Amino acid sequence: TIMLIVLLLLILKPNYYYYLMDRTYRLFDDNLELFNSMLKDIASAKRYVFVETYRFGIGSIGEKFRNALIKKVREGIRVKVLIDGWGSNSDTSFYTPMIEAGVELRIYRKLKFARTYFAKNHCRNHRKLIIIDNNISYIGSSNLTAYSLNWRELNLRINEPTLTKLFKNSFNDSFRSYDKYSLSKHSYKRNQYYNSWIFLQDVPNPYRQTIKKKYEQMIDSAEKEIIIESPYFLPGYKLRKKLCEAVERGVNVIAIMPYHSDVHLVDIIRRKYLGELHEGGVTLRFFNQGNLHAKCLMIDNDVFSISSANFDYRSFRYQYEVALIGDEQKVLDPLRNHIDITLSNCQEFNYENWKKRSRIEKFFEWI
């Protein structure tokens, strides 16, 4: 009977199989499953719950998390929440019940009207981390909002004390410095290592971009295949060049993005680069079953990155991001399954249509 149940779960939802086999790592690409797991872990917290997210949304999902955190505070559990002032600033009264209950809430940089409006307001805390009781942590792409409930995401639940401690240290550092603006060549965070894991913390820096640099190294090391998933695909010149050079070495390079993302402006901008990448041999695929918001990089089926960072110059240059890089087989197998399912719901890039786009489209791309 047990083997039959396992077989059925493997057929119906492969991620469940890996979860049954090993509870240290679990991959989520469905937000409803993810949120239920997060809420269950929060309900079981005995010491603390720390949440760092770009968007903590008003609505049914935001209310569920708000109520869950209020309940834990009333049980005597310490709760800290760090949100971004751009992603979550629509109605601060939504957070008042949390604050009154005792949740330690901090908002990273509300929008400021000043001479340097665009430069400073581009620096956002885009990280997504949840840390519970020195054991359980979540890292990935999902915001805590009903707005994105049906999006295809990518998040990793980890039940491992040492990795969770790295995330906790990162969160505490962000929580302490939440009100500071930093965009300078001196901004930098050291990479953190545990066994074969690498934990990267990007901070706004026009000259030193940790995640981008690591991705360049990973791309250069590829021998067989590079797969990128990103909702906003705007690689700068150097990354585009390295992807095309990988193709010249005989590497199969696949870039997956949504057919229509939730930010139409990005879809317009990215068209400028698609022809160049296609001509360079990069395979472009467009997810057409809703919005793809997953952010990952996989090299040769051997090494992966799960991140909050989009594959674009704005994330790498201006935003606080995190990425977890590893070669753990218990993550690689379900991640490959996730990618294969994503690809099965994609359409190819139409190069002939791209060449026929109108002058007005080209003008806006140029702008």
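Select strand 11 (residues 252-258), helix 10 (residues 264-279) and strand 12 (residues 283-287) in this predicted model. Together these three elements form a right-handed β-α-β unit. Strands 11 and 12 run parallel and are joined by five bridges. For a landmark on this pairing, pick Pro258, which stands opposite Phe287 in strand 12.

Phe286 stands opposite Gln347 in strand 16.

Next, go to the largest nonpolar core, which has 39 residues. Select Ile139, Leu156, Ile158, Phe167, Leu324 and Leu335, the residues that touch the most other members. Helix 7 (residues 161-176) supplies the largest share of this core, five residues. Another core, of 33 residues, lies apart from it; Ile228, Leu277, Phe311 and Phe349 are among its members.

Return to Ile139 and display its surroundings. Neighbours within four places in sequence aside, Ile139 is in contact with residues including Lys128, Leu129, Asn155, Phe199, Ile306, Val322 and Ala323. The contacts of Ile139 also include Leu156, Ile158, Phe167 and Leu324.

Finish with two loop residues. Asp133 is in the loop between strand 5 (129-132) and strand 6 (136-140). Its phi is positive, about 55°, although Asp133 is not a glycine. Asn195, in the loop between strand 8 (192-194) and strand 9 (197-202), is likewise a non-glycine residue with a positive phi, near 55°. Is each residue buried or exposed? Asp133 has 12% relative accessibility, under the 20% cut-off, and therefore counts as buried. Asn195 has a relative accessible area of 67%, over 50%, so Asn195 is exposed.

How values were computed: Residues numbered from 1 in each chain as written. Predicted model: local features only at pLDDT ≥ 70, side-chain atom pairs only at ≥ 80, totals over all residues. Heavy atoms only, no water. Pairing = 2+ DSSP bridges. Helix = DSSP H or I, 4+ residues; strand = E, 2+ residues; numbered from the N terminus. Right-handed = clockwise from strand over helix to strand, strands pointing away. Core = buried A, V, L, I, M, F, W, Y, C linked by side-chain atoms within 4.5 Å. Buried < 20%, exposed > 50% of the residue type's maximum accessible area, 1.4 Å probe, protein only. Contact = heavy atoms within 4.5 Å.
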